[in-house]
Amino acid sequence: MAYRKVCDAQGGPLVGEVLHCSGDLDLDWDLDKEEELQESGPSMDRMQMQHVDCQRSGCSDPGPDPDPELMEPIQPSVSVSPHGRFERLQEDPNYISHFTRAPGHKGQRRLHCFLLRYFLAGVGLFVLGILIGWFSHTSRVKPPIPPLDSSDLLEELLRGITADKIDALQRSFSTLSDDSEESRARYLYRQWVGLGLTDVHLSNHTVLLSLPGSTPNTITDRSSHQCFLPNGLPCDQRGPNDIPKQQFSYAAYSAVGSVQGEVVDVQYGSVDDLRRAKDTLNLTNQIAVVKLGQAPLLYKLSLLSELGFGGALLYIDPCDAPPGRHTWRQAFRVNLNPGGNPATAGLSKEAGRGLTSLLVQPISALLAKTLLGSSPTGQGDSCLPLAMPPNTERKKITLTVGNQLSFKKIYNVVGYLKGRRNPDRYVLVGSRHDSDQGSGTSAIMNQLIAALTEQTKRGWVPDRTTVFCSWGGSALGNIGSYEWGKDNSVVLQSSAVAYVSLNAPVRGTETLRATASPTLLQLTSDIQRRQLLSCIRGGNCPGPNVSSLQLPGDVNFFANQLAVPTMEFAFEQTKAEETTSFLSEAQFSAESPETLDPLFKFHETIAKMTAEAILRLVNDPVLPFYPLDIALDVQNKLKDKTAASSPLLSSASSLRDHAAFFQSEIMRPANDPKERDRSHVRMLNDVLRDLEKSFVIPQTPPGVYRNLLYSLPGKTAQFSILKFSQDAVLHCNTTSKVIKYNSANKEVLCYSTMNQSLSLILRAIRSAERLVCFGLDLFENYPSDAKK
C-alpha cells in the first residue's frame, strides 16, 4: 500500500513502471517481516542507483542481493511497524530520489508464477468458451441430409402416407362448427400454411348460383290429383325431416315455373329413341321421362329442347344402378351449368330464366315406374329395364319447379411448392372443398402436401413447381376452377404441364378406375399396376383399368379448354358398362368418408398412387409422356374405315411412324444424364406438353369435350364428333328443320356434318405430326457429350 501511495504522490515514469511490474504482489506487511526488521539492524533507506538503472532499462536479472553492510542503519525515530513505516515514508520528501527497492529472486518467481497462472487460466477459459459455443451450435443445426435417388425418394414419400394420418386429417376437418364454404376454405388455408407451403392464396368470386326454392318441387297427376315429391313420396306424407332431402333433389339452372303435359318415355334420349317417339306422338310441350346414361345429359336436353318438349324428368334405371346403390326411393341433383359463372353467359337473377328452356327435375326410380305404368322389375341378371308398356294410357301431369337464383361468394385455395430448375412449369393438383364431397378429398390433399413438404425439409427440391388447388362451387358447374383458369389462362397455356385430379377419389369400393389423356396412359397404367400388387382386400386383384373417357368435375376446364394432359385415380361403385358411364352426373347426398371407408385404406391407396404420379411429373428430367400412345389412340379410333378417308388413314399412319421414332429418341436424355443438355431438354418437354393442344377443335355439341383425344364410352373406340355427326344427320331428319348452334365465331349447322368432322380430325393429326417433326429436329446435332 505504501508503494501505491508513493505512485499517486509522485507519478514519475520510473515509479509507474516499477509499480506496474509489482502491482500483483502482496505489499501488506506481516508480523514475521516486522520481526526481521527489528533484528536486521542495517537500514534499507538508501539503495544503489545501479540497481535502479537496471530496473529502468528492463533488465531481467535483478543481480545479487544488496550487501547489508553498505546500507545505512535505520533511524531510531522510524517506527518498525507497517503503519509507522508508511508514516515515515510520507514525512521524507527525498525518499524516492535516493531509494527504490528492487525485488529479489523470490519476489520475481512469485510474479512469474502469478502471471503464468493467470495466462493459463485465460487460455483455458477461452478454449472452453469456443468448445461450448461450437457444441451448442451444432446441437441446434442438424447436418444436411444428402438427397435420395428417385427410388429411395419414392419409398420415403409413400412411407409417410398412411391411413391413420388421413383419418386424423379427416376428423380435424369434420370438427368445424361452421360448415360453410368460406369456413372450409379458410381452414384449408391455415392448414396448408401450417404444413409448410410458403406461398398460399385465398381468393373469392361472386357468382350466380341456382339453389332450391323455399318449398320442394312437385309432380302432380292431373287425373287423380295426387301430388308427389321427387322421391315418390306423396306430398301430404312428408315430415319435417324430409324437407331438406327433397330440396336437395333438383336440377341446378333449370327453367322455373309450371308445365302441363303428357308423359313420354324416351328411354336414354338417343336420336333413335326420339325418332320413334316423334313418329307416333306430338312432342310439343310434353314431358319426357329420360334415363341417365349412354350420352351427356346436356346433349340429351339439347335434343329434347329442339323437339319442342316442355319438361324432362330424369331417373336412374335400377338395372343400371351400381351394386349396393338403392335408387328406388332416392332422388338426386343434377347440374345443367357447362362450367363457370352463369352470369357471364347472360343469365340474370332478375330474368328468372335457366340455362335451358326445359323445366328439369330428377326423380326416383319408384316415381318413374308409377308415371310410366311399368311392370315390376327384378335385380341382377333378372332385372328388366323400366319402360312404358305398349298401348298404355299416358298420364297427364303438372311439373312445378321453384329454383331460385342468388349471388354468392365461392372460395379457391391455391398453394405453391416451388421448383428449382423449372419453376415456371406447373403440375396442378386439384381437389374440392364443398360440403358434398369435399371432406375426404381435402384429407387426401392435406396428406399429400404434408408428405411432399416433409421431403423438402430433408433436402429434396422438385424440378418443377407443384400447384395445389382446392376449388369452390364444384357441384354447380365447376365454377371455382373455371374462374381461376380463365383468370390465368395465358400463363397456363404456356406453363401448365399436367393436371392431377382428386375430384371424388373414393365414391365406392368396388372398382379402381384410372382415367388419363393418351399422353399419360402409360404412366397411369404403370402406377396402377404397381399399386395393385398389394391389393386392399387381398386375393385376386383386378387388372389395370385405364381409359381416356371424359372426366367429370373440375378437370373439365383444363382438359377441355386448355388441352392440359390429365389423370385421375378413383374407387367407384359403378359397373364398367356403356349404359352406366354417365351416372356420375347424378349427385346423391354424399356418404361420409367414415361410412364409406371406415379404415381409410381406399383413401390411402388413392393418396399413394397420386403421390407417385406427382413425383414423376415434377421430378423426371424428361416428362413421362408417350407420344406413341397418342398416335396409336388415333389409329384405334379410325378402325371403322368406312367412315375414314384415305388421306386421313395415311396421315394417321405417318403420325404413328414419326411418333415411334420420336419416342425412341426421347429415351436418350430420359435414361442417360450425359444426354441432358438443359436447353434441349426444356424444348423437348415443351413439345411433349403441347402435343394434345393439336387436337382441340373450335366447337362440339353440348356436354362433349373439345379435346378429340377424350372419348365417350362405347363398345368400340370412336372420335366423339364422328358419333354425334351421325346423330346430327338423323336429328336433322327427325326435326325436319335446320338446327342452329351458336358459337363465338360462326353458326354450326346440325353440330357438324360427317365431312366437316373428318376434316377437323385430319387437320388435328397433321398439326400433331408437324410438332413431332419439330421435336425430332431438336435431336439433329444434339450434343451427345452435353453435361447436365
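In strand S13 (residues 464-471), Phe468 is the bridge partner of Val429, and this pair belongs to a set of 8 bridges that join strand S12 (residues 422-432) to S13 in the parallel sense. Two strands are taken to pair if DSSP finds at least two bridges between them, and the elements themselves are DSSP runs, helices (H or I) of at least four residues and strands (E) of at least two, numbered from the N terminus. The model is a predicted one, in which local features need pLDDT of at least 70 and side-chain atom pairs count only at pLDDT 80 or more, whereas totals for chains, interfaces and linings use all residues. Residues are numbered from 1 along each chain as its sequence is written, and side-chain values use heavy atoms, with hydrogens and water left out.

Strand S12 also pairs with strand S14 (residues 496-501), again in the parallel sense, over 5 bridges. Within this pairing Tyr426 stands opposite Ala496 of S14, and Gly430 stands opposite Ser501 of S14. Of the 11 residues of S12, 8 are buried, so the strand is largely enclosed by the rest of the structure; here buried means under 20% relative accessible area, exposed means over 50%, and partly exposed lies in between, for a 1.4 Å probe and protein chains only. Strand S14 is likewise mostly covered, with 6 of its 6 residues buried.

These strands belong to an open sheet of 8 strands with mixed pairing, in the order S1-S11-S13-S12-S14-S17-S15-S16. Its edge strands are S1 (199-211) and S16 (546-547), each of which pairs on one side only. Strand S11 (residues 404-417) runs antiparallel to S13 and is joined to it by 5 bridges, with Cys469 of S13 as the bridge partner of Val414. Strands S14 and S17, by contrast, run parallel and are joined by 3 bridges, and Thr566 of S17 is the bridge partner of Tyr499.

Helix H10 (residues 181-195) lies across S1, S11 and S13 and runs at about 5° to S11, while helix H18 (residues 521-531) lies across S15 (511-516), S16 and S17 (566-572), running at about 155° to S15. For such angles, axes are lines fitted to C-alpha atoms, for helices over the stretch in contact, and the angles run from 0 to 180 degrees between N-to-C directions.

Two packed helices are described by the angle between their axes and the distance between the axes. The axes of H18 and helix H21 (residues 601-619) come within 10 Å and cross at roughly 140°, and the two helices are therefore oblique to each other. Angles under 35 degrees count as roughly parallel, over 145 as roughly antiparallel, 65 to 115 as roughly perpendicular, and the rest as oblique. The crossing of H18 with H21 is right-handed, where a crossing is left-handed if the near helix is turned anticlockwise from the far one by less than a right angle, and right-handed if clockwise. Leu523, Ile527, Gln528, Arg530 and Gln531 of H18 meet Lys608, Met609, Glu612, Ala613, Arg616 and Leu617 of H21, contact meaning heavy atoms within 4.5 Å. By class, this contact has 5 nonpolar, 2 polar and 4 charged residues; Ala, Val, Leu, Ile, Met, Phe, Trp, Tyr, Cys and Pro count as nonpolar, Asp, Glu, Lys and Arg as charged, and the others, Gly among them, as polar.

The residues in contact include Leu628, Ala631 and Gln635 of H22, together with Leu655, Ala659 and Ala660 of H23. The contact of H22 with H23 has 11 nonpolar, 3 polar and 1 charged residues.

In H22, Pro627, Asp629, Ile630, Ala631, Asp633, Val634 and Lys637 are buried, and the buried residues of this helix pack against H18, H23, helix H24 (678-690) and helix H26 (754-777). Ala660, found in H23, counts as partly exposed at 34% relative accessibility. The C-alpha atoms of Ala660 and Ala631 are separated by 8.6 Å, although these residues lie 29 residues apart along the chain.
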